[in-house]
Amino acid sequence: MTDWIEPCARETGPAYSSEQVELGRKLVARDDLLTSEKQRTRLENGDLLLDVAPMGNGESSNGSRELIRAFAADIGMTAEMAREYRGVAAGCDSGLRQVLAESAVMVSYSVVREAALGFSLPKETREAENALGREERARRRQDRWEILLRMLQEPGRRRLTAQEFRAAIGARPIPNSASAMTAEKIVEQLERPDVRSAVMASVMEPAFLVEAFAADPMVELKIRDSLAQVAQVTGNRENASVSEETDERLVLQFRRRVNLLYGLVEMHPEQIINIADEDMLNDLEKACEGVVHWAQRLHSARTSGQAGVR
């Protein structure tokens, strides 16, 4: 299915500047490299997306969706993630960000997303909230923020996890005995049909898949390979087919990796030496040697027309 683009968009070109694209790519690269700064980086990326496509009454218009999709593609991000970052930034004003920055409690981006969007609330609750007027939606969002701010004031608290906050707002209850089980013991529970069914339902949740694919683009390739193996065993190849949308996401995720590589080679050697220790420099040199070998294989595969090897 081909995305529809408004005639004006085709005639006038992108409604954003090359400087905005460059900043977006830097933020995407920083998000991948500096995992400890994901909250700040993603909020800044959301602010940039708000500059490109401000919130307004025409949120569902084709023009707005296409603008976000096009900008997201240019900076190496999926349109779905771009819409999320934009929504979170709109729901977390400067005053709230200041409180989070000054707090001694560690708060992840996932917690901020829950407060701003109610990301993991039950589907029925989210749909009912989205159907409300703007003022009522803002009031409910403010209620979630007040819960978060109260939790930050709890004596002795050093970290607020997404799991705790989700339980506090009624999104996902905190497991009791399961939280003390080892990974091996949890896997053993998959022998129970009811547990296996519940796990599959949870894994196939769009919200879970979005997080998994965003964290590691190779996850989707692994899932596709697993489906292909199942299809060979069962003889059912229809279920192994991949939509164009899935392929587009993979291309965008790969573009992010290419942008990261560009960002690395653009750093001055002196800057790297000042940042890295001896072990890291050795690892970097080994990685560069691997890149040279990999580039030779890539060139050989392109010239010989080989494909399909992952």
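Patches are made of residues with over 30% relative accessible area and no salt bridge, like charges being joined within 9 Å and nonpolar side chains (Val, Leu, Ile, Met, Phe, Trp, Tyr) within 5 Å. The structure is a predicted model, in which local features need pLDDT of at least 70 and side-chain atom pairs count only at pLDDT 80 or more, whereas totals for chains, interfaces and linings use all residues. Residues are numbered from 1 along each chain as its sequence is written, and side-chain values use heavy atoms, with hydrogens and water left out.

**View 1. A nonpolar surface patch that includes Val 258 of helix H15.** Phe 254, Val 258, Leu 261, Tyr 262, Leu 264 and Val 265 make a nonpolar surface patch of about 570 Å², with accessible areas taken from the Shrake-Rupley method with a 1.4 Å probe and, for residues, only the protein chains shown counting as cover. Val 258 belongs to helix H15 (residues 244–265); helices (H or I, at least four residues) and strands (E, at least two) are DSSP runs, numbered from the N terminus. The relative accessible area of Val 258 is 30%, so this residue is partly exposed, a class that falls between buried (under 20% relative accessible area) and exposed (over 50%), with a 1.4 Å probe and protein chains only.

**View 2. The aromatic pair of Tyr 16 and Phe 71.** Two aromatic pairs are found in a search of the whole structure, where rings of Phe, Tyr and Trp (its six-membered ring) pair if their centres lie within 6.5 Å, and planes under 30 degrees apart count as stacked, over 60 as edge-to-face and the rest as tilted. The rings of Tyr 16 and Phe 71 are edge-to-face, at 4.9 Å centre to centre and with 75° between the planes. Because Tyr 16 lies in the loop between helix H1 (7–12) and helix H2 (18–33) and Phe 71 lies in helix H4 (residues 62–75), the pair ties together parts that are 55 residues apart in sequence. Tyr 16 is buried at a relative accessible area of 12%, and Phe 71 is buried at 0%.

**View 3. The aromatic pair of Tyr 85 and Tyr 109, with Arg 42 over the ring of Tyr 109.** The ring centres of Tyr 85 and Tyr 109 are 5.7 Å apart and the planes stand at 85°, so this pair is edge-to-face. Tyr 85 in helix H5 (residues 79–90) and Tyr 109 in helix H7 (residues 109–117) are 24 residues apart, and their pair links distant parts of the chain. Tyr 85 is buried, with a relative accessible area of 5%, and Tyr 109 counts as buried at 5% relative accessibility. The charged end of Arg 42 sits over the ring of Tyr 109, 5.0 Å from its centre, under the rule that NZ of Lys or CZ of Arg is within 6 Å of the ring centre and within 35 degrees of the ring normal.

**View 4. Salt bridges of Arg 157 with Glu 154 and Glu 164.** A salt bridge is a side-chain nitrogen of Lys or Arg within 4 Å of a carboxyl oxygen of Asp or Glu, and the count by this rule comes to 16. The closest N and O atoms are 2.7 Å apart between Arg 157 and Glu 154, and 3.2 Å apart between Arg 157 and Glu 164. Arg 157 counts as buried at 18% relative accessibility, whereas Glu 154 is partly exposed at 34% and Glu 164 is partly exposed at 27%.
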